[in-house]
2 protein chains.
Amino acid sequence: MTQIPQDLAEARKSIDNLDAALIHLLAERFKITQHVGEIKARLNMPPADPEREAEQVRRFRALAEKSQLDPEFAEKVLTFIVTEVVRHHQQIPRGDKDGAEATPTDA
Amino acid sequence: MTQIPQDLAEARKSIDNLDAALIHLLAERFKITQHVGEIKARLNMPPADPEREAEQVRRFRALAEKSQLDPEFAEKVLTFIVTEVVRHHQQIPRGDKDGAEATPTDA
């Protein structure tokens, strides 16, 4: 095992703290999108909402710019999470029998 | 524009709040990994640290399980972020002239 300089060790501890917070936020976010998927399936609402998604991307990029985070990266992260949410929601049964292949989701 | 049910509108507000927190955490995390990249470049430390990365994956998965978040998803998110960190750190000049192609990073 290599010797870790003090400043590197401290930075890593901060990264670990932020990662723990990140995981807990993601867990909470998934609980809510799961709930949204259920609402949409129950009401037979269209699975995707392009208007909402476009608004989310705009908002994500604006927040990233304010925080000095690369907006391209922020958008990629959002897209990645949304894709996972869709994948997870594909299992939720819909209210209408004909809509079995639809994807209730809300990123 | 479609009429949004009240419970869906509220869930979306919560998602937006969590997303703002997520962006700010990611911005802070990037600042720290940037600093780590600089330390490693200065000390000519090896760019990647497989031991540290394996430990991060283990930790991420354990935290996800505790939070009832899919550990596979958690690992994918970490891998995605790490890849971006590496990409961002490829621009940091290293202390040794021969190491120009090396990638100082610390996920």
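B:Arg29 is found in helix α1 of chain B, where helices (H or I, at least four residues) and strands (E, at least two) are DSSP runs numbered from the N terminus. The residue is buried, with a relative accessible area of 1%; buried means under 20% relative accessible area, exposed over 50%, and partly exposed in between (1.4 Å probe, protein chains only). B:Arg29 and B:Val85 are separated by 56 residues in sequence and by 9.6 Å in space, C-alpha to C-alpha.

The model is predicted: local features need pLDDT of at least 70 and side-chain atom pairs count only at pLDDT 80 or more, whereas totals for chains, interfaces and linings use all residues. Residues are numbered from 1 along each chain as its sequence is written, chains are lettered from A and ligands numbered from 1 in the order in which they are written, and side-chain values use heavy atoms, with hydrogens and water left out.

**Interface of chains A and B**

Chain A gives 55 residues to the contact and chain B gives 55 residues, contact being heavy atoms within 4.5 Å. About 5100 Å² is buried between the two chains, and carbon and sulfur atoms give 72% of this area. Buried area is the accessible area (1.4 Å probe) that two parts lose on being put together, summed over both. Of the area that chain A buries against chain B, A:Arg12, A:Ile23 and A:Phe73 supply 12%, more than any other three residues.

**Salt bridges**

A salt bridge is a side-chain nitrogen of Lys or Arg within 4 Å of a carboxyl oxygen of Asp or Glu. Over all chains, the whole structure holds 20 salt bridges, and 12 are found across the interface of chain A and chain B. Among the salt bridges are the following pairs.

| Lys or Arg | Asp or Glu | N to O distance |
|---|---|---|
| B:Lys76 | A:Glu84 | 2.9 Å |
| A:Arg12 | B:Asp49 | 3.1 Å |
| B:Arg12 | A:Asp49 | 3.1 Å |
| B:Arg42 | A:Asp7 | 3.5 Å |

The salt bridge of B:Arg42 and A:Asp7 crosses between chains, from helix α1 of chain B to helix α1 of chain A. B:Arg42 counts as exposed at 52% relative accessibility, while A:Asp7 is partly exposed, with a relative accessible area of 31%.

The salt bridge of A:Arg12 and B:Asp49 runs from helix α1 of chain A to the loop between α1 and α2 (50-66) of chain B. Both A:Arg12 and B:Asp49 are buried. In the salt bridge of A:Asp49 and B:Arg12, A:Asp49 lies in the loop between α1 and α2 (50-66) of chain A and B:Arg12 in helix α1 of chain B, so the pair joins two chains. A:Asp49 and B:Arg12 are both buried.

**Cavity**

On a 1 Å grid over the protein atoms alone, a cavity is a set of points where a 1.4 Å probe fits but cannot get out, and lining residues have an atom within 4 Å of a point. Grid points are joined across faces, edges and corners, and a volume is the space filled by probe spheres set on the points. The search of the whole structure finds one cavity of 30 Å³ or more, and the largest cavity has a volume of about 60 Å³. A:Leu22, A:Leu26, A:Val77, A:Phe80, A:Ile81, B:Leu22, B:Leu26, B:Val77, B:Phe80 and B:Ile81 form its lining. The elements that give two or more residues to this lining are α1 (6-42) and α3 (71-89) of chain A and α1 (6-42) and α3 (71-89) of chain B. The lining comprises 10 nonpolar, no polar and no charged residues; Ala, Val, Leu, Ile, Met, Phe, Trp, Tyr, Cys and Pro count as nonpolar, Asp, Glu, Lys and Arg as charged, and the others, Gly among them, as polar.

Terms used: 1 Å grid on protein atoms, 1.4 Å probe; cavity = no way out; pocket = protein on both sides within 12 Å on 5 of 7 lines; lining within 4 Å.
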